[in-house]
Amino acid sequence: MERFIDRIIIFLLTVFVGRMIMTDRYLIVVLYSVLSLAFFDFFFLYKTIQKDTFQLVSTGEKAAFLLQILMVFAAFINNDLIIMVPIALYGAVTIRNYAAGVLALIAVLIYAGGDEPLSVIIYVELLLVISVYLSIKCGRNEKLKRAVIAFRDESVIKTDELKQKNAELIQAKDDEVYFGRLKERNRIAREIHDNVGHMLTRAILQLGALIAICRDETLKSGLNDLKATLDTAMNNIRNSVHDLRDEAIDIPSALEDITAPLKEERNLKLDIDISSDVDKDIKYAIIGVVKEAVSNIIKHSDNENVDITLIEHPAMYQLVIHDYGKRGGNGLSAEGVDHSGMGLDNIRARVNGVGGNVLITDNDGFRIFVTIGK
(Lines give C-alpha, C1' and ligand atoms only; values in the text may rest on other atoms or scores of the structure.)
Protein backbone atom coordinates (compact mmCIF):
# COMPACT_ATOMS: atom_id res chain seq x y z
CA MET A 1 0.00 0.00 0.00
CA GLU A 2 2.82 2.41 0.78
CA ARG A 3 4.36 1.91 -2.67
CA PHE A 4 0.95 2.47 -4.28
CA ILE A 5 0.61 5.79 -2.42
CA ASP A 6 4.15 6.76 -3.44
CA ARG A 7 3.30 6.19 -7.09
CA ILE A 8 0.18 8.33 -6.74
CA ILE A 9 2.30 11.14 -5.29
CA ILE A 10 4.82 10.84 -8.11
CA PHE A 11 2.00 10.85 -10.67
CA LEU A 12 0.49 14.03 -9.20
CA LEU A 13 3.89 15.71 -9.30
CA THR A 14 4.23 14.48 -12.89
CA VAL A 15 0.96 16.22 -13.73
CA PHE A 16 2.31 19.44 -12.22
CA VAL A 17 5.57 19.25 -14.19
CA GLY A 18 3.85 18.03 -17.35
CA ARG A 19 1.66 21.12 -17.53
CA MET A 20 4.81 23.18 -17.91
CA ILE A 21 6.10 21.08 -20.79
CA MET A 22 3.18 20.03 -23.00
CA THR A 23 -0.11 21.32 -24.34
CA ASP A 24 -3.33 20.20 -22.69
CA ARG A 25 -4.41 17.68 -25.37
CA TYR A 26 -0.94 16.20 -25.69
CA LEU A 27 -0.53 16.24 -21.91
CA ILE A 28 -3.70 14.22 -21.31
CA VAL A 29 -2.52 11.43 -23.61
CA VAL A 30 0.90 11.30 -22.00
CA LEU A 31 -0.51 11.39 -18.47
CA TYR A 32 -2.88 8.53 -19.24
CA SER A 33 0.14 6.61 -20.54
CA VAL A 34 2.15 7.44 -17.40
CA LEU A 35 -0.76 6.37 -15.19
CA SER A 36 -1.14 3.06 -17.06
CA LEU A 37 2.59 2.38 -16.95
CA ALA A 38 2.68 3.20 -13.23
CA PHE A 39 -0.17 0.72 -12.66
CA PHE A 40 1.59 -2.05 -14.59
CA ASP A 41 4.87 -1.37 -12.78
CA PHE A 42 3.05 -1.60 -9.44
CA PHE A 43 1.26 -4.79 -10.54
CA PHE A 44 4.49 -6.47 -11.65
CA LEU A 45 6.28 -5.58 -8.40
CA TYR A 46 3.30 -6.08 -6.05
CA LYS A 47 4.93 -8.88 -4.05
CA THR A 48 8.52 -7.70 -4.47
CA ILE A 49 10.39 -6.32 -1.48
CA GLN A 50 13.26 -3.94 -2.15
CA LYS A 51 16.36 -5.87 -3.08
CA ASP A 52 19.94 -5.27 -2.00
CA THR A 53 21.42 -6.59 -5.26
CA PHE A 54 20.21 -6.91 -8.83
CA GLN A 55 18.49 -10.27 -9.09
CA LEU A 56 15.34 -10.93 -11.07
CA VAL A 57 13.50 -13.95 -9.68
CA SER A 58 9.87 -13.84 -10.71
CA THR A 59 8.28 -13.24 -14.12
CA GLY A 60 6.76 -10.00 -12.77
CA GLU A 61 10.20 -8.63 -11.90
CA LYS A 62 11.50 -9.44 -15.37
CA ALA A 63 8.48 -7.74 -16.98
CA ALA A 64 8.97 -4.69 -14.72
CA PHE A 65 12.64 -4.54 -15.73
CA LEU A 66 11.74 -4.38 -19.45
CA LEU A 67 8.95 -1.87 -18.79
CA GLN A 68 11.32 0.46 -16.91
CA ILE A 69 13.88 0.29 -19.72
CA LEU A 70 11.18 1.19 -22.29
CA MET A 71 9.87 4.09 -20.17
CA VAL A 72 13.34 5.59 -19.80
CA PHE A 73 14.23 4.89 -23.44
CA ALA A 74 11.12 6.87 -24.49
CA ALA A 75 12.77 10.04 -23.16
CA PHE A 76 15.49 9.62 -25.80
CA ILE A 77 12.87 9.56 -28.56
CA ASN A 78 10.94 12.57 -27.31
CA ASN A 79 12.29 14.97 -24.69
CA ASP A 80 8.78 15.69 -23.41
CA LEU A 81 8.45 12.08 -22.34
CA ILE A 82 11.02 12.78 -19.61
CA ILE A 83 8.02 12.87 -17.27
CA MET A 84 7.84 9.05 -17.59
CA VAL A 85 11.29 8.69 -16.07
CA PRO A 86 10.34 9.31 -12.38
CA ILE A 87 7.85 6.41 -12.34
CA ALA A 88 10.39 4.16 -14.05
CA LEU A 89 13.13 5.24 -11.66
CA TYR A 90 10.96 4.51 -8.59
CA GLY A 91 10.50 0.91 -9.65
CA ALA A 92 14.11 0.61 -10.83
CA VAL A 93 15.37 1.41 -7.31
CA THR A 94 13.14 -1.36 -5.93
CA ILE A 95 14.71 -4.14 -8.02
CA ARG A 96 18.15 -2.48 -8.39
CA ASN A 97 17.68 -1.95 -12.14
CA TYR A 98 21.03 -0.25 -12.72
CA ALA A 99 20.55 -0.16 -16.48
CA ALA A 100 17.40 1.94 -16.18
CA GLY A 101 19.14 4.17 -13.63
CA VAL A 102 22.06 4.90 -15.96
CA LEU A 103 19.75 5.55 -18.91
CA ALA A 104 17.64 7.88 -16.73
CA LEU A 105 20.73 9.85 -15.72
CA ILE A 106 21.78 10.21 -19.37
CA ALA A 107 18.25 11.26 -20.37
CA VAL A 108 18.18 13.96 -17.69
CA LEU A 109 21.58 15.30 -18.75
CA ILE A 110 20.41 15.47 -22.34
CA TYR A 111 17.20 17.19 -21.26
CA ALA A 112 19.13 19.69 -19.12
CA GLY A 113 21.35 20.55 -22.09
CA GLY A 114 18.37 21.47 -24.23
CA ASP A 115 16.47 24.73 -24.62
CA GLU A 116 13.99 24.10 -21.82
CA PRO A 117 13.53 26.81 -19.16
CA LEU A 118 15.70 26.47 -16.10
CA SER A 119 12.70 26.24 -13.79
CA VAL A 120 11.31 23.27 -15.72
CA ILE A 121 14.69 21.51 -15.64
CA ILE A 122 14.89 22.07 -11.88
CA TYR A 123 11.36 20.71 -11.39
CA VAL A 124 12.17 17.63 -13.47
CA GLU A 125 15.38 16.96 -11.55
CA LEU A 126 13.60 17.54 -8.24
CA LEU A 127 10.89 15.07 -9.26
CA LEU A 128 13.54 12.45 -10.04
CA VAL A 129 15.19 13.00 -6.65
CA ILE A 130 11.81 12.70 -4.92
CA SER A 131 11.13 9.42 -6.77
CA VAL A 132 14.44 7.94 -5.69
CA TYR A 133 13.97 9.18 -2.11
CA LEU A 134 10.44 7.74 -1.80
CA SER A 135 11.57 4.37 -3.15
CA ILE A 136 14.55 4.20 -0.78
CA LYS A 137 12.40 5.31 2.17
CA CYS A 138 9.79 2.68 1.40
CA GLY A 139 12.52 0.02 1.13
CA ARG A 140 13.87 0.98 4.54
CA ASN A 141 10.37 0.80 6.01
CA GLU A 142 9.92 -2.66 4.49
CA LYS A 143 13.19 -3.86 6.01
CA LEU A 144 12.18 -2.36 9.35
CA LYS A 145 8.82 -4.12 9.19
CA ARG A 146 10.52 -7.43 8.39
CA ALA A 147 12.89 -6.91 11.32
CA VAL A 148 9.98 -6.12 13.64
CA ILE A 149 8.05 -9.19 12.46
CA ALA A 150 11.14 -11.39 12.85
CA PHE A 151 11.74 -9.97 16.33
CA ARG A 152 8.11 -10.54 17.23
CA ASP A 153 8.21 -14.12 15.95
CA GLU A 154 11.46 -14.73 17.83
CA SER A 155 9.89 -13.25 20.95
CA VAL A 156 6.90 -15.56 20.58
CA ILE A 157 9.23 -18.54 20.14
CA LYS A 158 11.31 -17.51 23.14
CA THR A 159 8.14 -17.01 25.17
CA ASP A 160 6.88 -20.46 24.22
CA GLU A 161 10.26 -21.98 25.06
CA LEU A 162 10.26 -20.16 28.40
CA LYS A 163 6.75 -21.43 29.16
CA GLN A 164 7.85 -24.95 28.29
CA LYS A 165 10.94 -24.66 30.49
CA ASN A 166 8.83 -23.31 33.34
CA ALA A 167 6.36 -26.16 32.91
CA GLU A 168 9.24 -28.66 32.93
CA LEU A 169 10.68 -27.06 36.07
CA ILE A 170 7.28 -27.11 37.77
CA GLN A 171 6.81 -30.76 36.77
CA ALA A 172 10.30 -31.62 38.01
CA LYS A 173 9.56 -29.86 41.29
CA ASP A 174 6.23 -31.68 41.62
CA ASP A 175 7.96 -34.98 40.89
CA GLU A 176 10.60 -34.20 43.49
CA VAL A 177 7.91 -33.44 46.07
CA TYR A 178 5.96 -36.54 45.07
CA PHE A 179 8.94 -38.88 45.31
CA GLY A 180 9.98 -37.23 48.57
CA ARG A 181 6.51 -37.88 49.92
CA LEU A 182 6.68 -41.51 48.82
CA LYS A 183 10.08 -41.89 50.44
CA GLU A 184 8.82 -40.39 53.68
CA ARG A 185 5.79 -42.70 53.68
CA ASN A 186 8.05 -45.70 53.20
CA ARG A 187 10.25 -44.53 56.06
CA ILE A 188 7.26 -44.04 58.37
CA ALA A 189 5.82 -47.43 57.43
CA ARG A 190 9.19 -49.09 58.03
CA GLU A 191 9.62 -47.34 61.41
CA ILE A 192 6.15 -48.36 62.55
CA HIS A 193 6.65 -51.92 61.39
CA ASP A 194 10.13 -52.36 62.85
CA ASN A 195 9.62 -50.57 66.15
CA VAL A 196 6.01 -50.20 67.25
CA GLY A 197 4.86 -53.37 65.49
CA HIS A 198 7.57 -55.53 66.99
CA MET A 199 7.05 -54.09 70.46
CA LEU A 200 3.29 -54.69 70.27
CA THR A 201 3.86 -58.22 69.01
CA ARG A 202 6.19 -58.93 71.92
CA ALA A 203 3.71 -57.41 74.38
CA ILE A 204 0.89 -59.55 72.96
CA LEU A 205 3.01 -62.69 73.25
CA GLN A 206 4.00 -61.85 76.81
CA LEU A 207 0.41 -61.07 77.69
CA GLY A 208 -0.67 -64.40 76.20
CA ALA A 209 1.85 -66.18 78.36
CA LEU A 210 0.55 -64.38 81.45
CA ILE A 211 -3.01 -65.35 80.58
CA ALA A 212 -1.95 -68.97 80.20
CA ILE A 213 -0.43 -69.17 83.69
CA CYS A 214 -2.91 -66.88 85.48
CA ARG A 215 -5.33 -68.71 87.83
CA ASP A 216 -7.24 -65.69 89.10
CA GLU A 217 -10.36 -65.56 86.94
CA THR A 218 -11.04 -61.91 87.69
CA LEU A 219 -7.48 -60.91 86.73
CA LYS A 220 -7.58 -63.27 83.77
CA SER A 221 -10.73 -61.57 82.43
CA GLY A 222 -9.01 -58.20 82.59
CA LEU A 223 -5.94 -59.57 80.86
CA ASN A 224 -8.12 -60.99 78.06
CA ASP A 225 -9.72 -57.57 77.58
CA LEU A 226 -6.26 -56.00 77.46
CA LYS A 227 -5.11 -58.59 74.94
CA ALA A 228 -8.15 -57.89 72.77
CA THR A 229 -7.32 -54.17 72.86
CA LEU A 230 -3.70 -54.82 71.89
CA ASP A 231 -4.82 -57.15 69.08
CA THR A 232 -7.10 -54.41 67.75
CA ALA A 233 -4.26 -51.88 67.98
CA MET A 234 -1.93 -54.31 66.20
CA ASN A 235 -4.44 -54.86 63.40
CA ASN A 236 -4.97 -51.12 63.01
CA ILE A 237 -1.22 -50.52 62.85
CA ARG A 238 -0.82 -53.35 60.35
CA ASN A 239 -3.56 -51.89 58.13
CA SER A 240 -2.05 -48.42 58.38
CA VAL A 241 1.38 -49.73 57.41
CA HIS A 242 -0.11 -51.59 54.45
CA ASP A 243 -1.98 -48.46 53.35
CA LEU A 244 1.18 -46.38 53.58
CA ARG A 245 3.13 -48.91 51.56
CA ASP A 246 0.37 -49.17 48.96
CA GLU A 247 0.27 -45.40 48.49
CA ALA A 248 4.05 -45.24 48.39
CA ILE A 249 4.33 -47.66 45.48
CA ASP A 250 5.56 -45.79 42.40
CA ILE A 251 5.03 -47.85 39.25
CA PRO A 252 7.81 -46.28 37.12
CA SER A 253 10.37 -46.72 39.90
CA ALA A 254 9.18 -50.24 40.64
CA LEU A 255 9.39 -51.26 36.97
CA GLU A 256 12.83 -49.68 36.69
CA ASP A 257 14.02 -51.85 39.58
CA ILE A 258 12.35 -54.99 38.22
CA THR A 259 13.79 -54.59 34.72
CA ALA A 260 17.29 -53.67 35.92
CA PRO A 261 18.63 -57.22 35.22
CA LEU A 262 17.36 -57.00 31.63
CA LYS A 263 19.18 -53.70 31.08
CA GLU A 264 22.45 -55.31 32.09
CA GLU A 265 22.16 -58.27 29.69
CA ARG A 266 19.84 -57.17 26.85
CA ASN A 267 18.67 -54.24 24.76
CA LEU A 268 15.66 -53.12 26.76
CA LYS A 269 13.26 -50.41 25.58
CA LEU A 270 11.15 -49.33 28.54
CA ASP A 271 8.34 -46.85 27.79
CA ILE A 272 6.12 -45.80 30.71
CA ASP A 273 3.38 -43.16 30.49
CA ILE A 274 1.09 -43.50 33.49
CA SER A 275 -0.17 -41.19 36.22
CA SER A 276 0.47 -41.67 39.92
CA ASP A 277 -3.23 -42.02 40.76
CA VAL A 278 -3.64 -45.75 40.19
CA ASP A 279 -5.66 -48.18 42.28
CA LYS A 280 -3.39 -50.26 44.51
CA ASP A 281 -4.76 -53.58 43.23
CA ILE A 282 -3.97 -52.54 39.67
CA LYS A 283 -0.51 -51.43 40.77
CA TYR A 284 0.22 -54.84 42.27
CA ALA A 285 -1.21 -56.59 39.20
CA ILE A 286 0.96 -54.61 36.77
CA ILE A 287 4.08 -55.02 38.88
CA GLY A 288 3.40 -58.74 39.31
CA VAL A 289 2.89 -59.27 35.56
CA VAL A 290 6.11 -57.45 34.67
CA LYS A 291 8.04 -59.29 37.37
CA GLU A 292 6.79 -62.66 36.12
CA ALA A 293 7.47 -61.76 32.49
CA VAL A 294 10.98 -60.51 33.21
CA SER A 295 11.73 -63.71 35.11
CA ASN A 296 10.51 -65.81 32.18
CA ILE A 297 12.53 -63.77 29.68
CA ILE A 298 15.70 -64.20 31.69
CA LYS A 299 15.13 -67.96 32.04
CA HIS A 300 13.80 -68.92 28.61
CA SER A 301 14.56 -66.25 25.99
CA ASP A 302 17.63 -66.29 23.77
CA ASN A 303 17.04 -62.86 22.25
CA GLU A 304 18.70 -59.54 23.08
CA ASN A 305 15.82 -57.18 22.22
CA VAL A 306 12.93 -56.65 24.64
CA ASP A 307 10.24 -53.92 24.61
CA ILE A 308 8.07 -53.14 27.63
CA THR A 309 5.39 -50.48 27.17
CA LEU A 310 2.92 -49.27 29.80
CA ILE A 311 0.46 -46.58 28.65
CA GLU A 312 -2.51 -45.04 30.42
CA HIS A 313 -5.51 -44.39 28.17
CA PRO A 314 -8.66 -42.50 29.18
CA ALA A 315 -10.56 -45.71 29.92
CA MET A 316 -7.87 -48.34 30.51
CA TYR A 317 -4.26 -49.24 31.17
CA GLN A 318 -2.34 -51.03 28.44
CA LEU A 319 0.75 -53.16 29.10
CA VAL A 320 2.69 -54.76 26.24
CA ILE A 321 5.72 -56.97 26.85
CA HIS A 322 7.41 -57.97 23.60
CA ASP A 323 10.32 -60.39 23.53
CA TYR A 324 11.57 -60.77 19.98
CA GLY A 325 13.28 -64.07 20.58
CA LYS A 326 12.11 -67.67 20.45
CA ARG A 327 11.48 -69.54 23.66
CA GLY A 328 11.35 -73.08 24.88
CA GLY A 329 10.42 -74.83 28.09
CA ASN A 330 7.94 -73.90 30.79
CA GLY A 331 5.14 -73.78 28.27
CA LEU A 332 6.77 -70.90 26.35
CA SER A 333 7.10 -72.64 23.01
CA ALA A 334 7.29 -70.77 19.76
CA GLU A 335 4.58 -72.89 18.15
CA GLY A 336 0.96 -71.96 18.51
CA VAL A 337 -0.73 -69.40 20.68
CA ASP A 338 -2.25 -71.61 23.39
CA HIS A 339 0.61 -71.33 25.86
CA SER A 340 0.56 -72.97 29.26
CA GLY A 341 2.80 -72.95 32.27
CA MET A 342 2.81 -71.80 35.86
CA GLY A 343 4.33 -68.39 35.04
CA LEU A 344 1.76 -67.52 32.40
CA ASP A 345 -1.05 -68.89 34.57
CA ASN A 346 0.07 -66.51 37.32
CA ILE A 347 -0.03 -63.62 34.85
CA ARG A 348 -3.53 -64.52 33.74
CA ALA A 349 -4.69 -64.89 37.35
CA ARG A 350 -3.29 -61.49 38.35
CA VAL A 351 -4.87 -59.69 35.41
CA ASN A 352 -8.21 -61.48 35.71
CA GLY A 353 -8.24 -60.60 39.40
CA VAL A 354 -8.53 -56.88 38.55
CA GLY A 355 -10.98 -57.39 35.69
CA GLY A 356 -8.41 -57.19 32.90
CA ASN A 357 -7.73 -59.22 29.78
CA VAL A 358 -4.59 -61.00 28.60
CA LEU A 359 -3.65 -61.88 25.04
CA ILE A 360 -0.51 -63.96 24.46
CA THR A 361 0.84 -64.36 20.92
CA ASP A 362 4.04 -65.60 19.32
CA ASN A 363 4.02 -63.51 16.15
CA ASP A 364 7.42 -61.88 15.66
CA GLY A 365 8.66 -63.25 18.96
CA PHE A 366 6.68 -63.62 22.17
CA ARG A 367 4.19 -60.93 23.15
CA ILE A 368 2.03 -60.42 26.24
CA PHE A 369 -0.74 -57.89 25.70
CA VAL A 370 -2.61 -56.77 28.84
CA THR A 371 -5.54 -54.37 29.15
CA ILE A 372 -7.03 -53.32 32.49
CA GLY A 373 -10.07 -51.06 32.72
CA LYS A 374 -10.08 -48.12 35.07
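Reader: How are arginine 348 and aspartate 345 placed in helix α11?

Author: They are 3 residues apart in helix α11, which covers residues 342-353, so about one helical turn separates them. Keep in mind that this is a predicted model.

Reader: Why is the contact of arginine 348 and aspartate 345 called a salt bridge?

Author: The side chains meet at 3.2 Å, N to O. The cut-off is 4 Å between a side-chain nitrogen of Lys or Arg and a carboxyl oxygen of Asp or Glu, so the pair counts.

Reader: How many salt bridges does the structure hold?

Author: It holds 5. One of them joins glutamate 256 to lysine 263, with the closest N and O atoms 2.5 Å apart. Another joins arginine 152 to aspartate 153.

Reader: What makes the pair of arginine 152 and aspartate 153 a salt bridge?

Author: The N to O value is 3.9 Å. The limit is 4 Å, so the pair qualifies. Aspartate 153 is partly exposed, at 38% relative accessibility.

Reader: What is the exposure of glutamate 256 and lysine 263?

Author: Glutamate 256 is partly exposed at 35%. Lysine 263 is partly exposed too, at 42%.

Reader: How do you know that phenylalanine 39 and phenylalanine 40 form an aromatic pair, and of which kind?

Author: The structure holds 5 aromatic pairs. In this one the rings lie 5.8 Å apart, centre to centre, with 70° between the planes. The distance limit is 6.5 Å and the angle for edge-to-face is over 60 degrees, so the pair is edge-to-face. Phenylalanine 39 is partly exposed at 48%, and phenylalanine 40 at 42%.

Reader: What makes you say that the charged end of lysine 374 sits over the ring of tyrosine 317?

Author: The charged end is 5.5 Å from the ring centre. The distance limit is 6 Å, and the charge must also be within 35 degrees of the ring normal. This contact is listed as a charge over a ring.

Reader: Which residues touch the most other members of the largest nonpolar core?

Author: Among the 38 residues of that core, they are Ile21, Val34, Ile82, Ile83, Tyr111 and Val124. Helices α1, α2, α3, α4, α5 and α6 each supply at least two residues. The largest share, 7 residues, comes from α6.

Reader: What does isoleucine 83 touch?

Author: Leaving out residues up to four places away in sequence, its contacts are Thr14, Val17, Gly18, Ile21, Met22, Val30, Leu31 and Val34. There is also a second, separate core of 31 residues, including Val289, Ile347, Val351 and Ile360.

Reader: How do you know that strands β4 and β5 pair?

Author: There are 5 bridges between β4 (residues 357-361) and β5 (residues 366-373), and the strands run antiparallel. At least two bridges are needed, so the strands pair. For instance, valine 358 has valine 370 in β5 as its bridge partner.

Reader: What lies between strands β4 and β5?

Author: There are 4 residues between them, and the two strands form a hairpin. In the turn, aspartate 364 has a positive phi of about 55°.

Definitions and conventions
Residues numbered from 1 in each chain as written. Predicted model: local features only at pLDDT ≥ 70, side-chain atom pairs only at ≥ 80, totals over all residues. Heavy atoms only, no water. Phe/Tyr/Trp six-rings, centres within 6.5 Å; stacked < 30°, edge-to-face > 60°. Buried < 20%, exposed > 50% of the residue type's maximum accessible area, 1.4 Å probe, protein only. Core = buried A, V, L, I, M, F, W, Y, C linked by side-chain atoms within 4.5 Å. Contact = heavy atoms within 4.5 Å.
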